[in-house]
Amino acid sequence: MVKEYIDQLQSENSKKLSELENQMKMQMDELENKRRQLEILQLEKNLDVNIFSPRSYDANAKEKISGLQNEMEQIKQEIEYTRELMETYVKKKSEYEDLLKETDIIRSEDDENIKKTDVYKVSELKQFLSDIYSKTELCLALLNSDKNKCKSELRHIKEMVKTFAGKIENTES
């Protein structure tokens with residue numbers, strides 16, 4: 001049950017991590033696209049030379065360049081934020097893997113304890129049944145000769161069964 005929950009968390013984490021990787025790739029592509037646009041705009045408008053040429057001067061060129069630079073800075077900030085998110089999800093991934101290892105170790109220890117307990121219970125049950133059988137044989141032998149002794153043995157068997165049933169109830173809860 002715990003393992004399934006951790007697996008579910010790990011699956012959700014992996015999905016989110018792959019979404020962030022795709023987002024990062026798109027942001028990097030967008031940044032590269034803006035960088036190319038900026039280079040093209042700077043080459044076309046060669047502001048240093050064309051500023052003295054009244055025919056080819058574009059008054060908005062500096063604004064366009066400034067706008068592209070601002071967009072690039074914003075994209076860089078988004079990339080940095082995405083990178084930080086990815087780092088947290090990578091850390092979570094390793095935490096989930098560690099948790100899974102711990103649950104496997106705990107489960108194997110529990111399995112060993114259960115096996116030891118089961119072996120103990122089986123041997124205790126065998127001993128109990130053997131005692132009941134021998135007492136019953138004694139009771140059958142005494143039935144014809146000493147009825148009082150037989151009744152006493154039957155009461156003793158009854159108490160043994162009650163005690164054993166109480167032990168079983170205590171170990172189950």
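This is a predicted model: local features need pLDDT of at least 70, side-chain atom pairs count only at pLDDT 80 or more; totals for chains, interfaces and linings use all residues.
I number residues from 1 along each chain as its sequence is written, and side-chain values use heavy atoms, without hydrogens and water. Local features need pLDDT of at least 70 and side-chain atom pairs pLDDT 80 or more, while totals for chains, interfaces and linings use all residues.

**Elements.** I looked up the helices (DSSP runs of H or I, at least four residues) and strands (E, at least two), numbered from the N terminus. The chain has 4 helices and 0 strands, in the order α-α-α-α from the N terminus.

**Helix 1.** The 44 residues should span 64 Å, and the end C-alpha atoms lie 63 Å apart, which agrees.

**Burial.** I took buried as under 20% relative accessible area, with a 1.4 Å probe and protein chains only. Of the 173 residues, 20% are buried. In helix 1 the buried set includes Ile6, Gln10, Asn13, Leu17 and Lys34. An α-helix has 3.6 residues a turn, so residues three or four places apart point the same way.

**Cores.** I searched for nonpolar cores (buried Ala, Val, Leu, Ile, Met, Phe, Trp, Tyr and Cys joined through side-chain atoms within 4.5 Å). The largest has 13 residues, of which Leu31, Leu38, Ile79 and Met86 touch the most other members. Helix 1 and helix 3 (61-145) each supply at least two residues of this core, and helix 3 gives the most, with 7. A second, separate core of 5 residues includes Phe128, Ile132, Met160 and Phe164.

**Contacts.** I counted heavy atoms within 4.5 Å as contact. Leaving aside neighbours within four places in sequence, Ile79 contacts Met24, Gln27, Met28 and Leu31.

Key. The expected span of a helix is 1.5 Å times one less than its number of residues. Buried means under 20% relative accessible area, exposed over 50%, partly exposed in between (1.4 Å probe, protein chains only).
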